[in-house]
Number of protein chains: 2
Amino acid sequence: MNTIVPRPVDAVIAAVREFLGDRLSTAQAVREQHSRGEDQTPPTLPDAVAFVETTEEVSRILALCHRHEVPVVAFGAGTSLEGHVNPVRRGLSLDLSRMTGIREVNAEDMDCLIEPGVTRQQLNDFLRDRGMFFPVDPGSVCTIGGMCATRASGTNAVRYGTIRENVLGLEVVLADGRVIQTGGRARKGANGYDLTRLFIGSEGTLGVITRIRLRLHGIPEAMSAAVCQFPDLAGAVNTTIATMQSGIPVARIELLDADQMEACIRYSKLEGFRPTPTLFLEFHGTHAAVKEQAEAVEAIAADHGGEGFRWASDTETRSKLWQARHDAYWAGLALVPGHRGITTDVCVPISTLAEAILGAKADAVASGFTTCIVGHVGDGNFHQIILFDPNDPQGLERAWELDRKIVARGLSLGGTCSGEHGVGIGKREFLEQEHGPEALAVMRSIKTSLDPKGILNPGKMFRN
Amino acid sequence: MNTIVPRPVDAVIAAVREFLGDRLSTAQAVREQHSRGEDQTPPTLPDAVAFVETTEEVSRILALCHRHEVPVVAFGAGTSLEGHVNPVRRGLSLDLSRMTGIREVNAEDMDCLIEPGVTRQQLNDFLRDRGMFFPVDPGSVCTIGGMCATRASGTNAVRYGTIRENVLGLEVVLADGRVIQTGGRARKGANGYDLTRLFIGSEGTLGVITRIRLRLHGIPEAMSAAVCQFPDLAGAVNTTIATMQSGIPVARIELLDADQMEACIRYSKLEGFRPTPTLFLEFHGTHAAVKEQAEAVEAIAADHGGEGFRWASDTETRSKLWQARHDAYWAGLALVPGHRGITTDVCVPISTLAEAILGAKADAVASGFTTCIVGHVGDGNFHQIILFDPNDPQGLERAWELDRKIVARGLSLGGTCSGEHGVGIGKREFLEQEHGPEALAVMRSIKTSLDPKGILNPGKMFRN
């Protein structure tokens, strides 16, 4: 006779349903939507999905999961590229995307307090009439909670910093349901351990972020975008290096290699451009400062074979250009119909950028893969999309092999395996290599002290 | 019969002497030099002082202290204003001031790797001919290791960020002697917990910093300083608020109230100034940008009763001015001969700065103390030096009372008890008030996980 042993998660589901009602779902379709992000990690279904709306709900759910030792994975917009939201040990997917309140905007102090499900687009739409903006821009439609959890950055980081530099404080629910406030409204502080920075980039393994206090910035008097094409990759990369070394405060400086440019021309119907290495640039400041910066970079580009700037100063042309840049990942995937892609995220010291990028491209050519490179090169960060045939049984594994080679070169040049996408599942193997076993042991000991039962996003960041 | 029980520290001293020789000192004068910083905390003598020169020595000493459970207090230049270097439970004072190596300067990447005993002056002297500088400037002659440990900032933070934003990575010796590397040479990373930021501001309670990789900045094309005097404090404060809200990237904006200005005129022999509230300003950028910024701030100041800018564009006049600003603490102490001083370090959201400062000054007047205010007002941070008579048995306690009142107002306005001096001994009582018991419990649990025997700078940051 079979006895059905009740699973711990069933007790949690029953208890959570009492206060969430039908916002706790076990429907197959909902669980599938929460089984993965946008990467190639194999999906896993959570046992249930909880659509939370308040900090108190998050706290009660975590206290229950803690008591019953059930895994909890925070879920925002599901745009992770490293398997972060994949519930590899099942349990609950905690969907925070309905927590979209903008609770405070302090125009005088240029800060705001938001809930984690707010996207950067929603926030910027809200702020536009107030003359302010939130600069961190990873391109995709992601939640700001997710951006905090993965230490996101993107195209504007070269000027405004990453999310790390733009968060003043957090509200975090700990593994056992306790709620803490970190940071505050002051612009700086020497007031205890920097818990804010500890939770930023902790990938849901130390707590669940339920409020975020952000720094905002004034919309600059003038913004102007330009495109500059180059006959070769070295010219575009060396223009970036020289620009950064000159200390010119460019707002964005993005590289697209010839393959990526071809993909974007096709996908985003960019007219009048050729498939050659290209820099997309943007300048922010007063009218005089923008003019001064742009002239300086144009002169540097000319020294490296750049073919003159094409300007996009009106909002519409500028938006079309940056939309094309943001769609680069999808454009790349569309380059070879039926293929799928993985992407690297190496970030190196700027002086080694040419070696890192040219080497990575040569490796790709040697291994026979089509790859596109697009990068936040002002920070030394680039993404190489490796396209592979999903019908080739060795395709994905060979793509990972190439990825490992590109990462190894990045590390040997003093760089990191991840500039902005995070560790998740895909980069766990590089973490020890990069930091060494003792630093990793410190990370683990912090993890253990804050989440002794290991219920928060297990299987991420650390290999067992 | 009395038996002399050997103390654990004696075993450590004997073992350390074997490899440090006479760099391990138990001389009374040396121990006295390491018994306190520059604040009013009662001194305590360490049992011995170890003058270390290498990471390996630090590691061996920590391993010994860990085994024998002997306290270790890291010591740099001894300029702490919060009792950080005071060995309240005796043990070893670990003097890192001889570790002054500048190990790498990467001009192309604008970074450097230094040992913790390097002062900012030493580093800037070294960098000057290379066209770069390290901007974080707390004024005093302090070591950069100490600046990291206390999350220091100072006059330039409004433009260049605090030490937190200017450190790329650290080498840290853990409580048991293990050595870890944090961060790296890349400008950003989403590569595991942010251990760099965890050690910055940890005040020697989590590890001992033995290497620091810093971001550097290019020396601007133009730098210009100006002084603007105001008939009242409100005018100077409101000029600051309006300047920050306009997004003008001032490099420094420092407030001296009438009492502080009187003190500086006397102490630093500043000619041609009156003892009225005054802003010291500095602008960095291209010649055009400096001109544009200065004109904008001058117009704002005029709207608030400012009496026109007096310029200091040549290096000598500029240096004299900033030296006077840096000497403000000593000038304040000299205002009433025979008096001593404690200083507040409140930092508030900029919109509340007028209320915080005017309220603090009114409190001081009501309580009968002479106080001077000097502040990094662009960040919302100000120091109020409270002068007290050391011969009055209640003098210090009454000064602390006033301090508590000023901090309480700062906290009620959304600010912090410490913008930059740190917690140490003096601000432990405010830490729980500011962060709440649960956040403090998280800090304690991190402390316990990294230093289970509590040997690293015990008695600081947390009350038992």
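**Close-up views of a two-chain predicted model**

View 1. Leaving aside residues up to four places away in sequence, A:Asn106 touches A:Asp111, A:Arg185 and A:Arg213. With A:Asp111 the link is also a polar contact between side chains, at a distance of 2.4 Å.

**View 2. A tilted aromatic pair, A:Phe283 and A:Trp311.** Over all chains, the structure holds 12 aromatic pairs. In the pair formed by A:Phe283 and A:Trp311, the ring centres are 6.4 Å apart and the planes stand at 45 degrees, so the pair is classed as tilted. Because A:Phe283 belongs to strand β14 (residues 278-285) and A:Trp311 to strand β15 (residues 309-312) of chain A, this pair ties together parts that are 28 residues apart in sequence. A:Phe283 is buried, with a relative accessibility of 0%, whereas A:Trp311 is partly exposed, at 41%. Together with A:Phe309, A:Phe283 and A:Trp311 form one aromatic cluster.

**View 3. An edge-to-face pair in chain B, B:Phe280 and B:Trp322.** The ring centres of B:Phe280 and B:Trp322 lie 5.9 Å apart and their planes meet at 75 degrees, so this pair counts as edge-to-face. The pair links distant parts of the chain, since B:Phe280 is found in strand β14 (residues 278-285) and B:Trp322 in helix α11 (residues 315-326) of chain B, 42 residues apart. B:Phe280 is buried, having a relative accessible area of 0%, and B:Trp322 also counts as buried, at 5% relative accessibility.

**View 4. A charge over a ring, B:Arg310 and B:Phe273.** In this view of chain B, B:Arg310 lies over the face of B:Phe273, and the distance to the ring centre is 4.0 Å.

**View 5. The interface between chain A and chain B.** Here 68 residues of chain A are in contact with 68 residues of chain B. The size of an interface is often given as the accessible area that is lost when the parts come together. Between chain A and chain B the buried area is about 5,600 Å², and carbon and sulfur atoms give 57% of this area. Of the area that chain A buries against chain B, A:Lys188, A:Ala190 and A:Tyr193 supply 17%, which is more than any other three residues.

**View 6. Polar links and secondary structure at the interface.** Between chain A and chain B there are 8 salt bridges, and 32 residue pairs are in polar contact. B:Arg178 forms a salt bridge with A:Glu438, in which the closest N and O atoms are 3.2 Å apart. On the side of chain A that touches chain B, the elements that each supply at least two residues are β9 (179-183), α7 (195-199), α10 (287-303), α15 (428-435) and α16 (437-450). Helix α16 of chain A gives the largest share of that side, with 10 residues.

**View 7. B:Arg164 and the residues around it, from both chains.** B:Arg164 lies in the loop between α6 (157-160) and β8 (167-173) of chain B. With a relative accessibility of 14%, B:Arg164 counts as buried, because buried means under 20%. Residues up to four places away in sequence aside, B:Arg164 touches A:Arg187, A:Asp194 and A:Arg197 from chain A, as well as B:Arg151, B:Arg197 and B:Ile200 from chain B.

Note on methods. Residues are numbered from 1 along each chain as its sequence is written. Chains are lettered from A and ligands numbered from 1 in the order in which they are written. This is a predicted model: local features need pLDDT of at least 70, side-chain atom pairs count only at pLDDT 80 or more; totals for chains, interfaces and linings use all residues. Side-chain values use heavy atoms; hydrogens and water are left out. Rings of Phe, Tyr and Trp (its six-membered ring) pair if their centres lie within 6.5 Å; planes under 30 degrees apart count as stacked, over 60 as edge-to-face and the rest as tilted. Helices (H or I, at least four residues) and strands (E, at least two) are DSSP runs, numbered from the N terminus. Buried means under 20% relative accessible area, exposed over 50%, partly exposed in between (1.4 Å probe, protein chains only). A charge sits over a ring if NZ of Lys or CZ of Arg is within 6 Å of the ring centre and within 35 degrees of the ring normal. Contact means heavy atoms within 4.5 Å. Buried area is the accessible area (1.4 Å probe) that two parts lose on being put together, summed over both. A salt bridge is a side-chain nitrogen of Lys or Arg within 4 Å of a carboxyl oxygen of Asp or Glu. A polar contact is a pair of N or O atoms within 3.5 Å; within protein, one must be able to donate a hydrogen and the other to accept it, and residues adjacent in sequence count only if both atoms are side-chain atoms.
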